[in-house]
Amino acid sequence: MKPFVKYSLLCIMSASMQTALAQNAEMADEFRAEGKIYVVVAVVLIVLLGLFAYLFMLDRKITRLERTLRERNQTKAQQKSF
Amino acid sequence: MKTWMKFLAGGILLYVHIAGLISDVPRLNILNETVRNIFFHVPMWFGMVLLFAFSLYYAIRYLRNPALENDIKSVEFANVGVAFGVLGMLTGMLWANYTWGSPWHGDPKQNGSAIALLVYMAYFVLRGSIDNREQKARLSAVYNIFAFAAMVPLIFIIPRLQDSLHPGSGGNPGFNVYDLDNRLRLIFYPAVVGWFAVGVWIATLRIRYRALAEKNLEIDETIR
């Protein structure tokens, strides 16, 4: 058998064994079946959306400050030229 | 950073957090449901490394062209990188407590990343200890290159040469068939992209804030 074929067969075999072995691992199936996982999803989404809103507000604040500073510099330059 | 990138990062992370909690994951012993932490813990480290790479880039740019803005960019990317690293460390310790038995296992990757974080924290100590602005920027840019060069073997090479509980040890590639199957990849890579984009966003906010502060000081001096 060619080494490549041998190797890929070995890979497939061990991968399928791995999944067969892993099948019996205990998971939170009941918790999911009850639909309570969506409560967790909702909580996480609120935190995430809040974080993004906060970042956007901070971003706007800095943009406004940059604009004010630029305008002040311009007026100062104009005053100097008079 | 463009506005559409910020929205895209937000959208990606919304997808990651919904799919990361709801989607099917491999049923593995010991890990059980905690395998989902791959979507939330590992992107912190990937984000940290990418942010440090940006920091390195601007450190080199500063040495080639000593403009103050290159120095500010270099510092702020390192700053956000350290924040990501601390989050990765805390989440990793929590995860390790429930799967490996204790928060600190002396695992080579844990130790390596702790040392790498300390190396980067020393970067800020170095900056704080020099008063001269140009000297501070130049020395810390050189140190930044050293810090990155120390981090890469500490996190990516040494743990692979030893027995580590982290995937990818003992010479194996980290992302083989067993460690990360395609279902996980579909959420994991977007998580990395999303968090990295958020990291860059926060860094740009800090850079803009610092630029404003420094400009403001200049104005004060002209008035005086």
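From the N terminus on, the elements of chain B run α-α-α-α-α-α. In this predicted model, chain B thus comes out with six helices and zero strands. Taken along the principal axes, its C-alpha atoms fill a box of roughly 70 × 40 × 30 Å. Of the 224 residues in chain B, 35% count as buried. Among the contacts of chain B that link residues at least 6 apart in sequence, 74% join residues at least 24 apart.

Helix H1 of chain B covers residues 3–22. With 20 residues at 1.5 Å a residue, H1(B) should span 28 Å, and its end C-alpha atoms lie 29 Å apart, which agrees. Buried positions in H1(B) are B:Ala9, B:Gly10, B:Leu13, B:Val16, B:His17, B:Gly20 and B:Leu21. Around the helix axis these residues cover an arc of only 125°, so they sit on the same side of H1(B). The other side of H1(B) carries B:Thr3, B:Trp4 and B:Phe7, which are exposed.

Two packed helices are described by the angle between their axes and the distance between the axes. Helix H4 of chain B (residues 108–128) and helix H5 of chain B (residues 133–161) have axes that come within 9 Å and cross at roughly 180°. H4(B) and H5(B) are therefore roughly antiparallel to each other. On the H4(B) side, the residues that meet H5(B) include B:Gly112, B:Ile115, B:Ala116, B:Val119, B:Tyr120 and B:Tyr123. Their counterparts in H5(B) include B:Leu139, B:Tyr143, B:Ala147, B:Ala150, B:Met151 and B:Leu154. Sorted by class, the contact of H4(B) with H5(B) has 16 nonpolar, four polar and three charged residues.

Chain B also touches chain A. This contact takes 21 residues from chain B and 23 residues from chain A. On the side of chain B that touches chain A, the elements giving two or more residues are helix H1 (3–22) and helix H6 (182–223) of chain B. H1(B) gives the most to this side, with seven residues. By class, the side of chain B that touches chain A has 13 nonpolar, four polar and four charged residues.

Note on methods. Residues numbered from 1 in each chain as written. Chains lettered and ligands numbered in written order. Predicted model: local features only at pLDDT ≥ 70, side-chain atom pairs only at ≥ 80, totals over all residues. Contact = placed C-beta atoms within 7 Å. Helix = DSSP H or I, 4+ residues; strand = E, 2+ residues; numbered from the N terminus. Nonpolar A, V, L, I, M, F, W, Y, C, P; charged D, E, K, R; others polar. Expected span 1.5 Å × (residues − 1). Buried ≥ 20, exposed ≤ 12 C-beta atoms within 10 Å, placed from the backbone. Arc of directions from axis to C-beta. Axes fitted to C-alpha atoms, helices over the stretch in contact; angles between N-to-C directions. Parallel < 35°, antiparallel > 145°, perpendicular 65-115°, else oblique.
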